[in-house]
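Visitor: Could we go through this structure together? I would like to begin with a helix end.

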Amino acid sequence: MVKRAIIAQIAKCTGHDSHDLARFHRQKRQAANVDARLLASRTANSGVERLAAFVEAWGNYIPEIHGVARALIEMQDSDDAAKLAWADRMSGLRQGFEAAIRALEEDGKLSADYSAKEATDLLSSLLSVQTWEQLTQTCGWSQRQFVDHAKAMALKLFVAA
């Protein structure tokens, strides 16, 4: 019920067109100054710092793009433009996950329990919009709890002891 209301509201604001919805998402991303948010991750001095900074940045960005993300997720099965827009965003995000994991690997700090691909896959699942929804919307976690626990889990899972 709530999901449909969000989608209806976004569609109304964008003229019921998924191309407009995708454009709105890009504008929202630019307005949120994503590059500034990722600066700490991109300039980190170690893989551990980069991973922690990336989890912090993305985890705190999810609530800001949640409405648009949810609409694109809902529309992607029936709308090619929405599917392409969501795939494009997830591809870019995956590059960020992979960069954080590769930084650990380059430092010799990636846990031997995972390949870089496996770690990237798991990190992207841990920090998915759907996981954020489950924990914050369904389970009642605060935003701070989500970010803190996601960061702690990522560090425990992927950083070699």
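Visitor: Which residue caps the N-terminal end of H5?
Guide: Asp-79 does: one of its side-chain oxygens lies 2.9 Å from the backbone nitrogen of Ala-81. Helices here are DSSP runs of H or I with at least four residues, strands are E runs of at least two, and both are numbered from the N terminus.

Visitor: Before going on, what kind of model is this?
Guide: This is a predicted model, in which local features need pLDDT of at least 70 and side-chain atom pairs count only at pLDDT 80 or more, while totals for chains, interfaces and linings use all residues. Residues are numbered from 1 along each chain as its sequence is written, and side-chain values use heavy atoms, with hydrogens and water left out.

Visitor: How many helices and strands does the protein chain have?
Guide: There are eight helices and zero strands.

Visitor: Back to H5. What span should its 27 residues have?
Guide: At 1.5 Å a residue, H5 should span 39 Å, and its end C-alpha atoms are 38 Å apart, which agrees. The expected span is 1.5 Å times one less than the number of residues.

Visitor: And what follows H5?
Guide: Gly-108 follows, with a positive phi near 75 degrees.

Visitor: Is Arg-94 buried or partly exposed?
Guide: Arg-94, in helix H5, is partly exposed, with a relative accessible area of 30%. Buried means under 20% relative accessible area, exposed over 50%, and partly exposed in between, using a 1.4 Å probe and protein chains only.

Visitor: With which side chain does the side chain of Arg-94 make a polar contact?
Guide: The partner is the side chain of Asp-121, at 2.5 Å. A polar contact is a pair of N or O atoms within 3.5 Å; within protein, one must be able to donate a hydrogen and the other to accept it, and residues adjacent in sequence count only if both atoms are side-chain atoms. Arg-94 also touches Lys-117, Thr-120 and Ser-124, not counting residues up to four places away in sequence; contact means heavy atoms within 4.5 Å.

Visitor: New topic: how many residues are in the largest nonpolar core?
Guide: It has 36 residues, and Leu-127 is one of those with the most contacts inside it. Such a core is a set of buried Ala, Val, Leu, Ile, Met, Phe, Trp, Tyr and Cys residues joined through side-chain atoms within 4.5 Å.

Visitor: Which helix supplies the largest share of this core?
Guide: H4 does, with 13 residues.
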